[in-house]
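Hi,

Here is the structure I said I would pass on.

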Amino acid sequence: MDNQRSMDLTNSLPSQAQVVIIGGGVIGCSTAYHLTKIGWKDVLILERKELTAGTTWHAAGLIVTPSHSDVAVEIATYTRELLKILEKETGQPTGFKDIGYLQLACTPEWLEERRRMAAFVRKLGVSYQEISPTEVKKLWPLADTSDILAGFYTPEDGRANPIDITMAYAKGARMGGVRIFEGTTVIGINKKGGRVTGVITNKGEIKAEIVVNCAGLWGRQLGKMAGVNVPLQAAEHYYLLTQPIEGVHPNLPIIEDFEHYAYIREEVGGLMVGLFEPVAAPWGVNGIPKDFAFGEINPDWDRMMPYIETAMERVPALKEAGIHKFFCGPESFTPDGGPLLGEAPELKNFFVAAGLNSLGILQSGGVGRIMAQWIVDGYCPVEAQYLDIARCFPFQGNKKYLADRTVETLGLQYKLIYPNFAFKTARNIRRTAIHEQLAKAGAYFAMGMGWEIPDWYAPAGREAKIDKYSWGRQNWFEYLAAEHKACREDAIVMDVTSMSKFLVQGRDAEKVLNRICANDVAVPVGRVVYTQWLNEGGGMEADLTVTRLAEDKYFIVSAGDFYTHDLMWLRKHIPSDAHAFVTDVTSGYTLLNIQGPKSRELMKRITTADVSKEAFPYMSAQEIDVNYALVQTLRVTYEGELGFELYIPTEFSAHVYETVIEAGQGLGLKHAGFQALNSLRIEKAYREYGHDMDNVDTPLEAGLGFAVKLDKPGGFIGRDALLRHKENGSLKYRMVQFLLDDPEPLLYGGEIIYRNGKIVGYLKTGTYGFTLGGAVGMGFVHHENDASNEYINSGSYEIDIAGKRCPAKASLRPMYDPLNERVRS
């Protein structure tokens, strides 16, 4: 290894390369290694100091697979299996030892959460075994098990040496043709025409087709050089190393003790006690020190001592053990706790792989493989919502925002996350023009995309707060039921301003959008088209509506979660010589959603326009007067009812809102939040992109083939892949709606689907269907040959909820209003 490194250092820096990777940590080296496996060899790694500098060198090296995300499980499992063969391939040990991984459940809430996850990860091939406190004691004699309800044990997991892993990736990369240059600092990024063209280093310039930011702690600073937002923030991360303790041996499993915010493993005869405290400390807010490489942070004993003492309760011998070292080093965290991977929205061919939230070693193999495939193919090879940097928003690069949010995100590793979890830090950033009015109406606000979003409404005289998080019916469940009922029987008003809104204008607008959209948008003015955007593999990149406002003007509305991604995808696929221009108008409009069988009567009270079925049909748009305002109005629904969406110029928002509320008197009008939106749309089997389906699914599996026009002139992106898919004559999986027979259990998504006693998939989403009378969910049902109508309809189904199987009905058609009679009324 040393000879190879010397050879790299004596070579002069090349003037060009196909790929330049900035950062010689575990992620940069893994990405380079995996590029060689696809056949890309003209790759450079530029490291400012030495390989593993920054955070890689001091990592704890946990290699553990259970997770709530199938992508995270896939990433971790791939890494673990790769480490088993990497030494044989490269001759470089990785230090991997399958000593086992033990998570503790000490409260009923944690026990249910672990049981829910256990069923999920077993389906993905993880041997995640529930064991008794007695069995925990046998595995860990030194542990106090008096408060433990159960343990969850994965015997194949373990630990590895972070430096050895990185060197193994680096050696494998070199064997594949990669050149590594240490002591080479990138001081600038070259770009032209919205595309990266190379890098400037302290040793000269390098032209490059592709640049990859794997700079770890320095990822945000490097991003700024390129004009790219990489919202990550370093935080203090601690572990305690003890002197040798009697009874401690190298084969003790790793313990994760959520209630005590700690992980514990053996280290040279003593113990390592790592902490993910709920209130963390950001570090390097104004930038990482220039010469920082293998440095440490002076530990804050006063702040951390209560957490240390809490962690020691699990292993009482720790209280008497000698302390070898209390280590504090930086780790990078992101605003939502997910990694930042993929092509930067701001700059073509500039990729990012950073912000691993203290999981870089564990995820290194899987992330490297994903990045390599993404770079080569041009689109993400796995479900992207969890990891795509294009999910981030510009404001999230704000220093104060990152510092305040990081206080909370470090502790997410060991926090019990309920389905209606909302961050407490860095709140009240984006508020709609009628925020205060909604607060007075009883709104409980969750947070999404920085927006304060009404989640549900407390009735008059009740405080809008959550009494206690739980897996059962929380205190607002009855409020949600009333909102749901009002939509089905009367009318609701819902603020969904957080939706993304774009204008595409120009004489080539139709031509450009018809190439991007799978559906045909060459429609008359005033028509609304439901469509998907596909990648070259046929996978869905977006799910949205396109409304033709004029011959040369279209209005696009998509989910707020995907604002950055959708804007990037749109701009990326407009040819440079096309006369088509994109304008982001998201903040220019308040979006009020009026839904329910009495919504037309309400509209008649606030406009002089003819809103009859004949004059204002389903999937059409008109600009109408609402009292003194002019409002672009769409006759669409996401709730499965007769409804209208009002796009109100921001300055008219309060006026139109007050008009709607006054007109709703006597019609049973209620405010409704996003919990109601979710329960209504799942009951109607309406899909939500990023939850029910994503970029690895085609519209055919998702049951959206009706929105694809394969024969339209000129084709569209992904058409050839869909045609090949159809030529195969069968689908391996399909979206199915489920309704539990028992009205008592609740569904949240992630529950395993059984058909005739065999696992065939899992629910992507779940909620309570108040009209149908039970919990409902949607998920893909798989069959190795053909998930045909006959196969799906002939099965007997059960849904696993925390280890208990609940009988359920299954349907390929919506169980609520299957003929769309209410929608089109």
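A quick word on terms before the surface: accessible areas here come from the Shrake-Rupley method with a 1.4 Å probe. On that basis the protein exposes about 31,000 Å², and carbon and sulfur atoms supply 49% of that area.

Bear in mind that this is a predicted model. The average pLDDT is 96, and 99% of the residues score at least 70. The stretch to watch is residues 1-7, where the pLDDT is below 50; beyond near neighbours in sequence, that stretch has nine contacts in the model. Where pLDDT is low, the predicted coordinates should not be read in detail.

On to the fold. I get 19 helices and 37 strands for the protein. Its radius of gyration is 27 Å, close to the 28 Å that the globule rule gives for 825 residues, so the protein is as compact as a globular protein of that length. The C-alpha trace spans about 80 × 65 × 55 Å along its principal axes. Of the 825 residues, 61% count as buried. As for contacts with a separation of 6 or more, 72% of them link residues 24 or more positions apart.

Then the cysteines. C29 is buried, because its relative accessible area is 0% and buried means under 20%. C106 also counts as buried, at 12% relative accessibility.

Cheers

Key:
Residues are numbered from 1 along each chain as its sequence is written. This is a predicted model: local features need pLDDT of at least 70, side-chain atom pairs count only at pLDDT 80 or more; totals for chains, interfaces and linings use all residues. Side-chain values use heavy atoms; hydrogens and water are left out. pLDDT is the predictor's confidence in each residue, from 0 to 100. Contact means heavy atoms within 4.5 Å. Buried means under 20% relative accessible area, exposed over 50%, partly exposed in between (1.4 Å probe, protein chains only). Helices (H or I, at least four residues) and strands (E, at least two) are DSSP runs, numbered from the N terminus. The radius of gyration is taken over C-alpha atoms; the globule rule is 2.2 Å times the number of residues to the power 0.38.
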